[in-house]
Amino acid sequence: MMTVRTRFAPSPTGYLHIGGVRTALFCWLFARKHGGQFILRIDDTDQQRNVDEAISPILHGLRWLGIDWDEGPEIGGIYAPYYQSQRSDKYQAAVNKLLELKFAYRDYARTEEIQAERDAAINEKKTFTYSRKWMAESESDIKRFESEGRQCVIRLKMPRTGELIINDLIRGNVTFNWADEQDHVIQRADGSFIYHLANVVDDEDFKISHVIRAEEHLSNTPRQIFIIQSLGYNLPSYAHLPFVAEPGSKTKLSKRKLDKYLKNKDFAKLVEHGKSIANRIGLSVTDDNFNPVIVDFYEKVGYLPEAIVNYIALVGWALDDKTEFFSMKDLIENFSLEGVTKGAASFDPQKLFAFEEKHFLKLSTDEKIKLCKPFLEAAKIFPCEFSDILEKIIETAGDRIKVAGDILLFSDFFADDNSFEYEESAYNKRIADQPESINLLKEFYDLLSQQEQFDHQLLEILMQKFIDAKSIKIGDIIHALRISVTGKSSGLGMFETLEILGKSRVLKRIKRIL
RNA sequence: GCCCCCUUCGUCUAGUGGCCCAGGACAUUGGAUUCUCAGUCCAGUAACAGGGGUUCGAUUCCCCUAGGGGGUACCA
């Protein structure tokens, strides 16, 4: 049986797009499922200056998500190099062969001449077919055109009759008429190569068995198959994935449209939540580096890579009518191209967050500590003299911590007892405007100071006795107590909070407002 | 303009001619629980784009229309 080999071919853009992740993930899952290899290739035919700098966030993001590659940048492989910019000789050889076999030709048309033909076709509502007036297949033609000062590009000499049926693993048979296809350029006048040519040559060289890529390439496939057939290459299997679309739309998700997405309240909520964490750790936040369309957003805020993977796998793929929670291992076991859907699927920030909650909840306390600690350190809260209560906080917080960065919600536990701040409106409402609450607090303070064991159950009993004796409701005192002890109107259970802080800190804190 | 693809609840989807007056999840609504928050538990609202066929029977097959998306570059 043929070895399954898939590839993901990012351009060095400097960021890892969530849609790109989905494509990479499906390629990777398919390879892993079939015991094959996953190859990473860098599409840098554009010759950018800092390719390394521009691919490093991409490589980092993939690794963070657990998507590893068997051949590619940083690790090499038997078919190296894996950078298109370093493979020009292969492309040149392919172009020469195409020329020799007359499947490609030198074309000396000027841009405006081609454009005029194209415009004419549009006017007549017909498919544009190049007249090949400036095609040069003989030395004399070449001389003649060059004497006119023309420059040449290399174009494919596409068939003009018959049809091509592509058997796509997701879409089934897709039929194209060769006559509708253009004589596409494969080598520019400056000698550089066009993506389609490079792509096909690389896939052949790397022995790619399955081309799994986004839908936008489906229309490009005929010209690629023409090159493959002309050169006698092996035809890979194709699978064209639907787009990851904008929230509430079917348009491809784009990094550049953050402004627009922010008008979606769920999307805005995701960003706000992330920003509040970023602010606490002193991360500078701009639309360019803090964008949920880009994967590092999630890493910065403390999302779990397995949650992102779980969610993104379900954008355009489903196993059955009920299974939704998948570990990476489950995904490898169960993934199949048959389960991939055809329609574009929009990105739903709320559902992503729901997966994050679920996955985070499954973590052990030790794992949570390991993930949360760096956020406390980044916020300069850690290390501190109260560091030992972290474990208890995390256990008590339970599902209140949804992403690792949420630990910062409980930073008041680590604050200095004499100088932590009060939420102004809460303080006014529960204390300043409630003079009676001070008296109650005073009395409760006395009870607390006599309490030996600061255990939350005992403390609750103490409170119960207190309100019974005073004939008041718990609500009459507990809010004021919470503000005085934490400075906030909401938080963990009141008695757990007291237990975690411990007697002396609690007394110190209450004393401040008496 | 031309070519290609797509179309089930708000969203992700299950569904391959009768099991579906359409199932699950997220969201949402109501109720319960509660010291706040976060939850949890119960209950509910909500969809086969439209029109023609084929068939005893269409969400499922065919055709048309509409809508959406992509390609049509010396972009990838």
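**Note on the aromatic pairs, the sheet and the RNA surface**

1. Ring pairs join Tyr261, Phe267, Tyr311, Phe347 and Phe355 into a cluster. Rings of Phe, Tyr and Trp (its six-membered ring) pair if their centres lie within 6.5 Å; planes under 30 degrees apart are stacked, over 60 edge-to-face, the rest tilted. This is a predicted model: local features need pLDDT of at least 70, side-chain atom pairs pLDDT 80 or more, while totals for chains, interfaces and linings use all residues. Residues are numbered from 1 along each chain as its sequence is written, chains are lettered from A and ligands numbered from 1 in written order, and side-chain values use heavy atoms, without hydrogens or water.

2. The whole structure holds 21 aromatic pairs. Tyr108 and Phe145 are stacked, because their ring centres are 5.4 Å apart and their planes meet at 25 degrees. The pair links distant parts of the chain, 37 residues apart. Tyr108 is in the loop between strand E3 (104-107) and helix H4 (111-123); Phe145 is in helix H5 (residues 139-147). Helices (H or I, at least four residues) and strands (E, at least two) are DSSP runs, numbered from the N terminus.

3. Lys255 lies over Tyr15, at 4.6 Å from the ring centre. Arg512 has its charged end over Phe420, 4.7 Å from the centre.

4. An open sheet of four strands runs E4-E3-E5-E8, with antiparallel pairing. Strands pair if DSSP finds at least two bridges between them. The edges are strand E4 (135-136) and strand E8 (185-187). Two bridges join strand E5 (residues 153-156) to E8. Arg155 has Val185 in E8 as its bridge partner.

5. Around RNA strand B are 65 residues; Arg118, Thr127, Arg188, Glu324 and Arg400 come nearest. Near means a heavy atom within 4 Å.

6. The Ser219 side chain has an N or O atom 3.2 Å from a base nitrogen of RNA strand B. For Lys402, the partner is a sugar or linking oxygen, at 3.1 Å. Polar contacts are N or O pairs within 3.5 Å; within protein, one atom must be able to donate a hydrogen and the other to accept it, and residues adjacent in sequence count only if both atoms are side-chain atoms.

Notes:
Lys NZ or Arg CZ within 6 Å of the ring centre and 35° of its normal.
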